[in-house]
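Welcome, and please keep your viewer open beside this page. We will go from one selection to the next, with a few words on what is there at each stop.

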Amino acid sequence: MELRKGLLIRCALIIALIVSFMGVELNHSHAAALSTTMTFTVSADCYVSGANPTIDYGGGVALHVNSSPDTRSFLRFAISGLGGLPVTQATLRLYANSGASAGLIVKSVASNSWPENGTTYNNMPAMGGTLATVAPLNGGAWSSVDVTSYIQGEGTFSFGVVTTATTDISLAA
């Protein structure tokens, strides 16, 4: 059980896409609807801190968010293998190492060219609009947010994560 728990924590940031399509017709009058779930692990992640604006925090074992000092996390996913089928649901799952009375705010990030190792507060990509919010967090638990509006098909997608909390929130990387 400990090995399994460890693997879950290491694979903490995943995005699950549910792809629906029409299946084989039965008796030429009924179509069977099929659903497939695909899971994608993060291809790059890092966090940046206004307290140390030139330090690169990529490649670590945890991500962090905080409003004071301003600390933000970035996640990138490469979505492929859908075969042109439409995405009917996309869910971003985050594992909180620590809890907080404030939740998370998940935002779009237009640029996918930020490096995992080399992104600092001074050169971080700009965050776009809010995609979803996460209720106050419990440490040692998963949170899921619907990001279907952002992920409509194959491609590379980046997310920014921030908070209004004034204490550090640690997320598994």
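**First stop: Ser73**

Select Ser73, which sits in strand β5, residues 70-79 (strands are DSSP runs of E with at least two residues, helices are runs of H or I with at least four, and both are numbered from the N terminus). Before going on, note that this is a predicted model, in which local features need pLDDT of at least 70, side-chain atom pairs count only at pLDDT 80 or more, and totals for chains, interfaces and linings use all residues. Residues are numbered from 1 along each chain as its sequence is written, and side-chain values use heavy atoms, with hydrogens and water left out.

Is Ser73 buried or exposed? Ser73 is buried, at a relative accessible area of 1% (buried means under 20%, exposed over 50%, and partly exposed in between, with a 1.4 Å probe and protein chains only).

Now show the backbone of His64: its oxygen lies 2.8 Å from the side chain of Ser73. This is a polar contact, that is, a pair of N or O atoms within 3.5 Å; within protein, one must be able to donate a hydrogen and the other to accept it, and residues adjacent in sequence count only if both atoms are side-chain atoms.

Next, display what Ser73 touches beyond four places away in sequence: Cys46, Tyr47, Leu63, His64, Val65, Met127, Phe159, Gly160 and Val161 (contact means heavy atoms within 4.5 Å).

**Second stop: Asp70 and Arg72**

Select Asp70 and Arg72, whose side chains form a salt bridge with an N to O distance of 3.0 Å. The term stands for a side-chain nitrogen of Lys or Arg within 4 Å of a carboxyl oxygen of Asp or Glu. How many salt bridges does the structure hold? The count is 1. Asp70 is partly exposed, with 21% relative accessible area, and Arg72 is partly exposed too, at 22%.

Move to Ser108 in strand β7, residues 104-109. Ser108 is buried, with a relative accessible area of 15%. Its contacts, apart from neighbours within four places in sequence, are Met127, Gly128, Gly129, Leu131, Tyr150 and Ser158.

**Last stop: the whole chain**

Zoom out and colour by secondary structure: the protein chain has 1 helix and 11 strands, in the order α-β-β-β-β-β-β-β-β-β-β-β along the sequence. Of its 173 residues, 41% count as buried. Among contacts with a separation of 6 or more, 76% join residues 24 or more positions apart.
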